[in-house]
Structure formats: structure tokens, C-alpha cells
Amino acid sequence: MGAHPADAMPMYIKFYWILVIAFVVHQYPEMYFMRVKDEEMPDKIIGYTAYLIPILGAYLTGLVYPATIILVIHCITEILKALSDVIECSGEEEMAQPLYRLWSVAFVIARNAIAALTVVTFFKLRGKTPDEISQLRFVACTVVLLILL
């Protein structure tokens, strides 16, 4: 019997991944309920799909732990952006501007950290023998590294 990727995960990691995948998948029907304009829909579908594919890829190839770290880093920066947007929509533009600046700095730092983590994961997998890792995991990590470059 083959091992499922979720077999080796603790419950809190499984719960986090269920929430992340559910959040991304729920974006598709939400476009209908939010009455997204037809001209905006292809861009949104591409964005949601570009978010979903790496998440599912990481889950299915067993790269859950590095992907969890990457998602947490990404989500922290997105929280700053969302908070800035909410404050700006409430009419406090002067209060939102420092948060936008903080978000832009955090975004650059987060992207560099994510790129570094991907490179480290790639080279760690590269040093192992083919018996120690699956070919699919190695190819997935190589593709992510090429996209980042």
C-alpha cells in the first residue's frame, strides 16, 4: 500500500491545509455570488488557479512542511495588505499609508524568504539518492525553482 501525503502530518497541519484548500476552492463559486463582471472573470480564474496549483502540488508531492512555511509567510504579508485596504475603505487614508509602506517592504522580504526556502529545499532534495525521494517531488521542486528564476 502506498502512503498518502496526509498520513505523516500532525492534526494541526492537516487542519491548516484543509482550511487553505477550502479557501482557495471557495473562490470559484464566490465569483458567481459576488456577481463578478464578465471581463474580470478570466483574470480572477487565472489568479485563483495559479494559487491552487502550487498548493495542491505541494500537498500531493509530500512537500507539505516547506509549503506550510511558505504559506504562513505569504499569508502574513497578505494580512497587512488586507488591513491596509480595510482602513483605507473606512476613510482613514492617512492612517493606511504607513501600513501600505510596511506591506510593500514585508512583501519584498517575504518573496526573498520564499525564494531562499525553495532553493534550499531544491538543493536538499538534489543531494539525496533517487531511492530516498520520489521523482515527482524532485520535478515539482525543479519547476518551482525555474519559475522563481
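By class, 7 nonpolar, 2 polar and 1 charged residues make up the lining of the second largest pocket. The model is a predicted one. The volume of this pocket is about 300 Å³. Its lining residues are Leu19, Val20, Phe23, Val24, Gln27, Tyr48, Tyr51, His74, Cys75 and Glu78.

Three helices meet the lining with at least two residues each: H1 (11-33), H2 (41-61) and H3 (64-89). Of these, H1 gives the most, with 5 residues. Empty space of this kind is what a rolling probe, the size of a water molecule, shows among the atoms.

Now step back to the whole chain. It holds 5 helices and 0 strands. Read from the N terminus, the order of elements is α-α-α-α-α. The chain has 149 residues, and 26% of them count as buried. Its exposed surface comes to about 10200 Å². Carbon and sulfur atoms supply 71% of that area.

How far apart should its ends lie, at 1.5 Å a residue? The 26 residues of H3 should span 38 Å. The C-alpha atoms at its ends are 36 Å apart, so the model agrees with that expectation. Beyond the helix comes Gly91, which follows H3 and has a positive phi, near 95°.

Which residues of H3 are buried? They are Val64, Ala67, Thr68, Leu71, His74, Thr77, Leu80, Ser84 and Ile87. His74 is also named in the lining of the second largest pocket. Cys75 and Glu78 belong to that lining too.

Is Thr68 buried or exposed? Its relative accessible area is 10%, and the cut-off for buried is under 20%, so Thr68 counts as buried. Which residues does Thr68 touch, once those up to four places away in sequence are set aside? The partners are Ile13, Tyr16 and Trp17.

How values were computed. Residues numbered from 1 in each chain as written. Predicted model: local features only at pLDDT ≥ 70, side-chain atom pairs only at ≥ 80, totals over all residues. Heavy atoms only, no water. 1 Å grid on protein atoms, 1.4 Å probe; cavity = no way out; pocket = protein on both sides within 12 Å on 5 of 7 lines; lining within 4 Å. Points joined across faces, edges and corners; volume = space filled by probe spheres on them. Helix = DSSP H or I, 4+ residues; strand = E, 2+ residues; numbered from the N terminus. Nonpolar A, V, L, I, M, F, W, Y, C, P; charged D, E, K, R; others polar. Buried < 20%, exposed > 50% of the residue type's maximum accessible area, 1.4 Å probe, protein only. Areas by Shrake-Rupley, 256 points an atom, 1.4 Å probe, with all protein chains shown as cover. Expected span 1.5 Å × (residues − 1). Contact = heavy atoms within 4.5 Å.
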